[in-house]
Amino acid sequence: MVPGSARCGGTSSDDIVRKWFGMDSIDTRVSGIGLLEEPGRSVLQMWGEVDSALRPDASGALARALDRNLPVVIDTSRVEFIDSTGIAFLVQVCTIGRDEGLDVTLVDPPAVVSDVLAMLGVDELVGPQRGR
């Protein structure tokens, strides 16, 4: 059980959420980088504050995405802050993925991401940025 979650009548709030949403697990981290392995594509999810503290998450997610050898969709919709480390990771995913022959797409990045990409002049390196 996640610290701070309630337990009612022998059922934790985590169990209720899992049952209601059909989830096998709940990621309660405030920030992270993870890979959702869908049939036919890999969805690289980034959320919260994306900075150097997430390097281990980034390395693992990139390795798994490349191993799957499927199109990669990058979802930054829940990113609240991104520093140069996070931007470097986006560029790395796009560059390496495309060098490996994968279709890599950054989907509808929020302004906090697209503004930094444009300010650093690397928005073309991670394009196209299109809708889902």
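Modeller: Happy to! Let's begin with helix α4: on the face turned away from its buried side, α4 carries the exposed residues D115 and M119. Keep in mind that this is a predicted model.

Colleague: And which residues of α4 are buried?

Modeller: They are V113, V116 and L117, in a helix that covers residues 111–119. Looking down the axis of α4, these buried residues fall within an arc of 100 degrees, so they line one face of the helix.

Colleague: Nice. What follows α4?

Modeller: G121 follows α4, and its phi is positive, near 75 degrees.

Colleague: Let me zoom out. How many helices and strands does the chain have?

Modeller: The secondary structure comes to five helices and seven strands. Along the sequence the pattern reads β-β-α-β-β-α-β-α-β-α-α-β.

Colleague: What share of the chain is buried?

Modeller: Buried residues make up 36% of the 132 residues.

Colleague: Good to know. Changing topic: which residues touch the most other members of the largest nonpolar core?

Modeller: That core has 28 residues, and I33, L44, M46, I74, I82 and L90 touch the most other members. The elements giving two or more residues to it are β3 (32–38), β4 (41–50), α2, β5, α3 (84–99), β6 (104–107) and α4.

Colleague: Which element gives the most?

Modeller: α3 does, with six residues.

Colleague: You listed I33 there. What is I33 in contact with?

Modeller: Leaving aside neighbours within four places in sequence, I33 contacts L44, Q45, M46, W47, V50, L54, D57, A58, A61 and F89.

Colleague: In what sense do β3 and β4 pair?

Modeller: They pair in the antiparallel sense, over seven bridges. To find your way in the pairing, look for G32, which stands opposite W47 in β4. The hairpin of β3 and β4 has two residues between the strands, and G40 takes a positive phi there, near 90 degrees.

Colleague: Staying with β4, is S42 buried or exposed?

Modeller: S42, which is found in strand β4, has a relative accessible area of 0%, so S42 counts as buried. Not counting residues up to four places away in sequence, S42 touches L35, L36, A65, R68, L70, P71, V72 and V73.

Colleague: P71 is on that list. Where is P71?

Modeller: P71 is in the loop between α2 (55–68) and β5 (72–82). P71 and S42 are 29 residues apart in sequence, and their C-alpha atoms are 6.2 Å apart in space.

Colleague: What else does P71 contact?

Modeller: Beyond neighbours within four places in sequence, P71 is in contact with G40, R41, S42 and D103.

Colleague: Why does P71 count as partly exposed?

Modeller: Because its relative accessibility is 33%, and partly exposed covers the range between the buried limit of 20% and the exposed limit of 50%.

Colleague: What about N69, where does that lie?

Modeller: N69 lies in the loop between α2 and β5 as well. N69 is exposed, with a relative accessible area of 52%. Its phi is positive, about 55 degrees, although N69 is not a glycine.

Colleague: And what is phi for D108?

Modeller: It is near 40 degrees, a positive value in a residue other than glycine. You'll find D108 in the loop between β6 and α4, and D108 is partly exposed, with a relative accessible area of 42%.

Colleague: Last one: how much of the contact set links residues 24 or more positions apart?

Modeller: Such pairs account for 64% of the contacts with a separation of 6 or more.

Notes: Residues are numbered from 1 along each chain as its sequence is written. This is a predicted model: local features need pLDDT of at least 70, side-chain atom pairs count only at pLDDT 80 or more; totals for chains, interfaces and linings use all residues. Side-chain values use heavy atoms; hydrogens and water are left out. Helices (H or I, at least four residues) and strands (E, at least two) are DSSP runs, numbered from the N terminus. Buried means under 20% relative accessible area, exposed over 50%, partly exposed in between (1.4 Å probe, protein chains only). Contact means heavy atoms within 4.5 Å. The arc is that of the directions from the helix axis to the C-beta atoms. A nonpolar core is a set of buried Ala, Val, Leu, Ile, Met, Phe, Trp, Tyr and Cys residues joined through side-chain atoms within 4.5 Å. Two strands pair if DSSP finds at least two bridges between them.
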